[in-house]
Amino acid sequence: TKLYYLCKNSCKSNMLSNVVALRGLIIAILLSSTTLYAQYKYTAKSAFYGGWIVPHSKNLDAIAKGAVLGGELSLEWKSEQGENNWQQYWHFPNIGIGLGFINLGNNQLLGNAIYGYPYVSIPMYGSNHLAINLKIGTGLSFVTKTWYDADMSRGVDAGTANSAFSFPVNCYLTASTNFAYRIGERLSLAGDVGYSHMSNGSFRNPNFGVNIIYAQLGVKYDFLAHNATTRYDTEYQPPAALEAKTVISGFSREIHYRDHKSFFVGSLHIGVTTPITNWYSLGGGVDAFYDGAFTKRPSDDNPLFTRYKIDEDKFSNKLRVGISVNNEVIMGRLSGIIDLGIYLYDPIKNSSPHTNSRRGIFYSYNINNEDGWNYIRLAIRYKIHKNLALQGGIKLHRNVAEMLEFGVGYLLPIYK
């Protein structure tokens with residue numbers, strides 16, 4: 001009997017020890033899988049760059065043959081503290097500045113490009129070791145070769161010259177998916193797969209620009225430790241349930257390099273938007289455009305340019321009026337604008353050299369020959385005051401730029 005109780009007590013003791021050991025093992029596994037590294041305020045990244053130009057013209061198809069190679073450096077700072085409401089609704093994105101150097105694959109004609117841009121990196125997935133983000137940025141680029149470097153004495157003619165760039169300073173746009181895989185407390189492998197565009201928005205012509213699909217691979221290093229104090233403010237609401245806005249813009253453009261002339265262009269936008277979510281507003285508006293390049297076409301100075309057929313140089317031919325659907329992506333004072341519009345008044349559409357009939361609002365067309373019935377505006381708006389904003393953007397017909405727009409806007413909350 002004593003032996004029975006000794007065995008029984010011994011078994012209980014062993015079972016209790018096993019349970020304690022099992023609990024300890026589970027806690028150890030959980031702790032090891034959720035170990036938190038120290039928090040760092042800044043991240044520096046260095047990466048190799050490789051890609052290729054996607055030809056969208058016969059000229060680029062002839063000269064864009066080599067790989068695009070180079071490198072990029074960037075600096076990011078984190079926003080875990082959630083000091084602004086927009087950071088919370090975008091899951092605390094990182095803000096960064098990138099600087100890159102690339103060879104465009106044809107030293108004689110395309111040369112090199114240096115670009116710099118601010119960007120926002122929006123978290124899409126995160127774990128203790130892996131982070132995946134969506135990165136969007138816009139800035140400026142400088143190219144070392146332009147159309148005017150074509151020289152018959154060097155074996156370059158107009159048919160194979162650099163029609164991508166006619167001005168050394170260009171806009172730079174990029175969007176990518178990037179990742180970081182932590183291999184140490186401060187060190188991570190980093191990469192990007194994305195798309196970029198460089199052009200001058202028809203400020204000077206020719207202006208085909210370049211579209212590049214690229215990948216980057218490098219390392220990133222975190223530094224300057226700090227204590228993150230993330231907070232979520234669930235009581236935040238958009239500032240206005242309905243907001244009216246008026247934006248007036250203007251700039252300059254060339255319509256064809258043989259003109260050797262610049263023309264004033266401008267626009268007026270009046271619209272209303274309402275927030276659909278805390279970071280996105282939807283609305284509609286009316287647009288009026290003025291394009292001083294719509295003089296008599298073909299002109300006496302440039303009879304070979306036949307994209308437009310305009311018999312008289314008069315004010316009404318230079319006006320277009322349309323309506324648009326307005327999309328606004330909101331990040332605090334900064335907003336990304338995507339407007340999709342159709343022309344209601346377009347006096348030169350029936351004078352196109354490629355038609356002999358009266359056209360309605362919608363009709364078939366070839367973007368290589370004419371502008372067509374629809375337009376796109378891509379812009380960035382920055383609110384400098386409660387009711388005042390600065391805006392810069394580009395107006396397009398599909399993938400063909402018509403004009404750059406830089407202006408000022410007045411924002412009026414109708415009700416909150």
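The legends below describe close-up views of a predicted model.

Residues are numbered from 1 along each chain as its sequence is written. In this predicted model, local features need pLDDT of at least 70, side-chain atom pairs count only at pLDDT 80 or more, and totals for chains, interfaces and linings use all residues, while side-chain values use heavy atoms, with hydrogens and water left out.

**View 1. The barrel.** Eight strands close into a barrel, ordered E1-E2-E3-E4-E5-E6-E7-E8. Their pairing is antiparallel. On average, neighbouring strands of this sheet are turned by 25 degrees against each other, direction ignored. Strands (E, at least two residues) are DSSP runs numbered from the N terminus. Two strands pair if DSSP finds at least two bridges between them. Axes are lines fitted to C-alpha atoms, and angles run from 0 to 180 degrees between N-to-C directions.

**View 2. Strands E6 and E7.** E6 covers residues 169-182. It is joined to E7 by 12 bridges, and the two run antiparallel. Strands of a sheet pair through backbone hydrogen bonds, either parallel or antiparallel.

**View 3. Asn205 in its loop.** Asn205 sits in the loop between strand E7 (187-199) and strand E8 (210-225). Its relative accessible area is 11%, so Asn205 is buried (under 20% relative accessible area; exposed is over 50%, partly exposed in between; 1.4 Å probe, protein chains only). Asn205 touches Tyr148, Ser166, Glu254, Ile255, His256 and Tyr257, not counting residues up to four places away in sequence. Contact means heavy atoms within 4.5 Å. The side chain of Asn205 also reaches the backbone nitrogen of Asn207 at 3.3 Å.

**View 4. Two cis peptide bonds.** The bond from Asn205 to Pro206 is cis, with omega near 0 degrees. Pro206 lies in the loop between E7 and E8. The bond from Arg297 to Pro298 is also cis, with omega near -10 degrees. Pro298 belongs to the loop between strand E11 (280-291) and strand E12 (319-331).

View 5. Most residues other than glycine have a negative phi, and most peptide bonds are trans. Ser202, not a glycine, has a positive phi of about 70 degrees. Ser202 is in the loop between E7 and E8 and is buried at 4% relative accessibility. Arg398, not a glycine either, has a positive phi of about 55 degrees. Arg398 is in the loop between strand E15 (388-397) and strand E16 (400-415). At 43% relative accessibility, Arg398 is partly exposed.

Conventions:
Helix = DSSP H or I, 4+ residues; strand = E, 2+ residues; numbered from the N terminus. Polar contact = N/O pair within 3.5 Å; in protein donor to acceptor, adjacent residues only side chain to side chain.
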